[in-house]
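Trainee: Hi! Could you walk me through this one?

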Amino acid sequence: MTVVSDAPAPAPAPPGPLGSAPDPAALQTYLTGLEAWVRGRRTELDDLDSAALAAGRGAEVGADMALALSLWKAVSDRYAEMWATWDGGRVLEAQRQQVTALVWTRLDGVGVSVPEACRLADAVASQLRTRLALTPGADAAAARIKDLRAQLERIRDQVGLEPALGRDAAVDRLAALMLRLEDAAERARRGADVGGLLPPLEQDAAIFERDLIVGNQRRRDARGLLEQARRERTALETRETQLTALVATCVATVQPAPRYAVPDVTALGPLPDTPEDITAYLARLDRVDLAIAHAQQAYAAALAEHTDLVALLDGYVAKARATGVSDRPDVAAAERQARDVLARRPAPMTLARQLVTTYQTWVDAQSAPGGQP
């Protein structure tokens, strides 16, 4: 809110009539008072100008403001001449008479003396104060109207982000708020009390801005969910292809193989476009992910068992060679049988387990002290 400073003290009384030579003390008192008036009046006029602009009434009071500033400028320039003549108090009678002449001779541009210009400037400033504060709280109302204008500009930017489907309704809602604000501003310019109009307008604007922000955030969240769903679906399609290859390898390698269906990602249908549907779609993707993971684990475990049996057989063959029993007929025959079964496609895993165990038994028996040659 624009705060207008208090009116400065009135200009000091003239130190003496035209042609007089007042004593230095009287002149110093006058010049000190005039300096305070010049400074105070300038501050007040700046504040009044800011208040007029904040209320949107700059053009309305522009002529009075220009007059007040012209009077102030003429007095300020004449004060500077007086101060130069005063020369810090080092003045004789002639210089003191010159100061009073500067007080009373007409000012350039305004055609009045310094005392008259000061009184006129005081009157214009007082009138400006009255016009800019016709009702109690006028400054506060002007500031609230200014804040509402800024808020509606933010809302305008948010409306531009709305999707085409709902943008017309948002534009209509914004237009209604702008009409209400202009009505309140016009009433305030005419001096009406708008204290009852602004609170509901501020509330409706705040709700609208909140709705737009929340809606935009939801759309951003939906876009994020859509991107997540697209990434997860692409990843699942890749894993589906990998699982299909794994299933084919497993079925061709071991018997019996696990019997899990390969989930069909395309059966989920196209990606949805609403936050609620995308959330449900992500849940279905998660279930497909679990199904693929479970199937991958089962088929990989079946292949791993075949690989482990081959490795276990190789380990016992190494032991048999180390103990010198690998060429014994029973041991060699057991190895051939185990390898033949493991090399089949698909390999009968139940029999393969038994034959590897049989080979292990022969190796352990033949390697033990007192084993049969």
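Mentor: One term before we start: contact means heavy atoms within 4.5 Å. This is a predicted model, where local features need pLDDT of at least 70, side-chain atom pairs count only at pLDDT 80 or more, and totals for chains, interfaces and linings use all residues. Residues are numbered from 1 along each chain as its sequence is written, and side-chain values use heavy atoms, with hydrogens and water left out.

Trainee: Okay, which residues is Leu-285 in contact with?
Mentor: Setting aside neighbours within four places in sequence, Leu-285 is in contact with Ala-229, Glu-232, Arg-233, Leu-236 and Leu-268.

Trainee: And which residues touch the most other members of the largest nonpolar core?
Mentor: They are Cys-250, Leu-285, Leu-313 and Tyr-359, in a core of 36 residues. A nonpolar core here is a set of buried Ala, Val, Leu, Ile, Met, Phe, Trp, Tyr and Cys residues joined through side-chain atoms within 4.5 Å. Buried means under 20% relative accessible area, exposed means over 50%, and partly exposed is in between, with a 1.4 Å probe and protein chains only.

Trainee: Which helices supply at least two residues of this core?
Mentor: Helix H7 (198-253), helix H8 (275-323), helix H9 (329-343) and helix H10 (349-367) each do. H8 gives the most to this core, with 15 residues. Apart from it lies another core of 34 residues, including Tyr-30, Leu-71, Ala-74 and Val-75.

Trainee: How are those helix labels assigned?
Mentor: Helices (H or I, at least four residues) and strands (E, at least two) are DSSP runs, numbered from the N terminus.

Trainee: How many helices and strands are there in the chain?
Mentor: The chain has ten helices and two strands. Along the sequence the pattern reads α-α-α-α-α-α-α-β-α-α-β-α.

Trainee: New topic: what is the radius of gyration of the chain?
Mentor: The chain has 49 Å, whereas a compact globule of 373 residues would have a value near 21 Å. The radius is taken over C-alpha atoms, and the globule rule is 2.2 Å times the number of residues to the power 0.38. Along its principal axes, the C-alpha trace spans about 150 × 55 × 30 Å.

Trainee: What percentage of the residues in the chain is buried?
Mentor: Buried residues make up 36% of the 373. As for contacts between residues at least 6 apart in sequence, 76% of them join residues at least 24 apart.

Trainee: What lies in the loop between H9 and E2?
Mentor: Pro-346 lies there. The peptide bond from Arg-345 to Pro-346 is cis, with omega near -5°. A cis peptide bond also joins Gln-255 and Pro-256, with omega about 5°, and Pro-256 is in the loop between strand E1 (254-255) and H8.

Trainee: Where is Asp-87?
Mentor: Asp-87 is in the loop between H2 and helix H3 (93-104). It has a positive phi of about 55° although it is not a glycine. Asp-87 counts as partly exposed because its relative accessibility is 37%.

Trainee: Last one: is Val-61 buried or exposed?
Mentor: Val-61 is buried, because its relative accessible area is 1%. It sits in the loop between helix H1 (24-54) and H2. Leaving out neighbours within four places in sequence, Val-61 is in contact with Ala-52, Leu-128, Arg-131 and Leu-132. Val-61 and Arg-131 are 70 residues apart in sequence, yet 8.3 Å apart in space, C-alpha to C-alpha.
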